[in-house]
Amino acid sequence: MQAKAEQQRRGGRLRQRLLGLAADLSVHKLQLAVTVTPAAASLLPALAVAALILLIAAARRAPAPSSLDAYRTGVAVVDPPSISAPPRGSAAAAAARVPPGCDIFRPGEWVPDGAAPYYTNLTCSLIQEHQNCMKYGRPDTGFLRWRWRPAGCDLPRFDAEAFLDAVRDSSMAFVGDSLARNHMQSLMCLLTKVAYPKDISKTTHPEFRTMHYESHNFTVAIFWSPFLVRGYQPDPARHMWAIHLDEPDAAWVPGIAGFDRVVLSAANWFARPAMFYEAGRVVGCHSCLAPGVPDLTHRHSLRMAFRAALRALAGPGAAFGGTVIVRTLSPTSHFEGGEWDKGGDCRRTRPLAAGEARVAGLDRDFHGAQVEEFARAKAAVDAGGRGRPRLVLMDTTAAMVLRPDGHPSRYGHWAHENVTLYNDCVHWCLPGPIDAWNEMLLQMLLQDRPS
């Protein structure tokens, strides 16, 4: 009798677990037997497997939910990657491309996109906490439903399979500040539709990560270098930086020699008070108020740092032989109602219209210096007849200046947390407008491949 009672108890517990699983999979019409007889109890393990298979099959037949449902229900349904991969090169060859003559970086507008976003904070676990706006309670989702359309043509939607096909058997390094990391994490989230990467980092430092997509033999890495050149704080209490404008940062230069592509970017940190050095000597400063030291412009320090970084990548004797992608600055001008440290915030919920904002002030100075130094380095490579490394410009600034609605603001941490963070109007929510950078990047990669 005790054995029969125990079998019945086990049957009841298993039935409850299966009912719970059915509820989790949103299969509401499946009925389970209410009574488990002693004779049937011995068959429960096999029945459990069969029932689980039926549950999963029924769930897959259910209508696919909107990606925004994940925000409302707290449950994410993610389709697994296809087991059988398409033939090598076929996805990239078949991908939608911009028409000849289309400049995806020219001024344009953000237009409604009912199919956005590509992913959510629940379908991608690779989002930096401070950019995880939905997790931390951002109440609006309308800012997610826009796409960039350059004047005169359309920018195709991101195709994860085509991207991985285009970068198969290659590597890409992102070099810069936390916006470079923001960019790389956007890319990895977009690629989760096909594959998740394996962390193969040789360090535990969170700002130096290397990820590998085994299915396509693609490696992507981030190298933290906010000035691109050597920079440090001799006395952190004084908040003054020492920047050696002619010394490329050893944090990234040796590490990128074997990479096929490097995405180079930096800007925001050059607004900080700093002493500038060249050949080991002080040549100027920014906001140092030191007697006899000329106060040079932000534009000068950023210009010289980019010149040194591009020389390390593309100058005579450079070890790098791949493609250098120079990404222009992400706007620093989206704080409203005050400066970044004086209560400024970014509360907008929709993009600005075309022509409603232009690149101006500090953003214009930084952007001008970046574009000019890129042109200078490219001319030197072309004049040398070397052909390598290849330099290309990724000018995202005109598109992003229209998106003051896409930043975390206060939604990068819980409201009750006692943190010393300012309203973040520099980084981008994930998902968010920054995903357009990888739509642009994909088109740049496709231009290198035959159609």
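Colleague: What is the handedness of the link of Cys133 and Cys429?
Modeller: The link of Cys133 and Cys429 is left-handed, with -95° about the S-S bond. Their sulfur atoms sit 2.0 Å apart. A disulfide here is a pair of cysteine sulfur atoms within 2.5 Å. This is a predicted model: local features need pLDDT of at least 70, side-chain atom pairs count only at pLDDT 80 or more, and totals for chains, interfaces and linings use all residues. Residues are numbered from 1 along each chain as its sequence is written, and side-chain values use heavy atoms, with hydrogens and water left out.

Colleague: Where do Cys133 and Cys429 lie?
Modeller: Cys133 is in the loop between E1 and E2. Cys429 is in the loop between helix H10 (397-400) and helix H11 (435-446), so the pair ties together parts that are 296 residues apart in sequence. Helices (H or I, at least four residues) and strands (E, at least two) are DSSP runs, numbered from the N terminus.

Colleague: Are Cys133 and Cys429 buried or exposed?
Modeller: Both Cys133 and Cys429 are buried. Buried means under 20% relative accessible area, exposed means over 50%, and partly exposed is in between (1.4 Å probe, protein chains only).

Colleague: How many disulfides by this rule?
Modeller: The count comes to 5. Number the bonded cysteines of the protein chain in sequence order and the pairing reads 1-4, 2-5, 3-10, 6-7, 8-9.

Colleague: What does Cys124 pair with?
Modeller: Cys124 is joined to Cys189, S to S 2.0 Å. Cys124 is in the loop between strand E1 (108-112) and strand E2 (146-150), while Cys189 is in helix H7 (residues 178-191). They are 65 residues apart, and the pair links distant parts of the chain.

Colleague: And why is the disulfide of Cys124 and Cys189 called left-handed?
Modeller: The torsion about its S-S bond is about -75°, so the disulfide of Cys124 and Cys189 is left-handed. Both cysteines are buried.

Colleague: What about Cys346 and Cys425?
Modeller: Those two form a disulfide as well, with sulfur atoms 2.2 Å apart. The link of Cys346 and Cys425 is left-handed, at -95° about the S-S bond. Cys346 is in the loop between strand E12 (323-327) and helix H9 (361-384). Cys425 is in the loop between H10 and H11, 79 residues apart from Cys346. Relative accessible area is 4% for Cys346, which is buried. Cys425 is buried too, at 0%.

Colleague: Switching to charges. How many salt bridges does the structure hold?
Modeller: The structure holds 20. A salt bridge is a side-chain nitrogen of Lys or Arg within 4 Å of a carboxyl oxygen of Asp or Glu.

Colleague: Which residue does Arg347 meet in a salt bridge?
Modeller: Arg347 meets Asp345, at 2.6 Å, N to O. Arg347 counts as exposed at 54% relative accessibility. Asp345 is buried at 8%.

Colleague: Which strands hold Glu109 and Arg149?
Modeller: Glu109 is in strand E1 and Arg149 in strand E2, 40 residues apart. The closest N and O atoms of their salt bridge are 2.7 Å apart. Glu109 is partly exposed at 32%, and Arg149 is partly exposed at 30%.

Colleague: And where are Asp448 and Arg390?
Modeller: Asp448 lies in the segment after H11 and Arg390 in strand E13 (residues 390-394), so the pair ties together parts that are 58 residues apart in sequence. Their salt bridge is 2.9 Å, N to O.

Colleague: Which residues are linked in a network of salt bridges?
Modeller: Arg299, Arg303, Arg307, Glu372 and Glu373.
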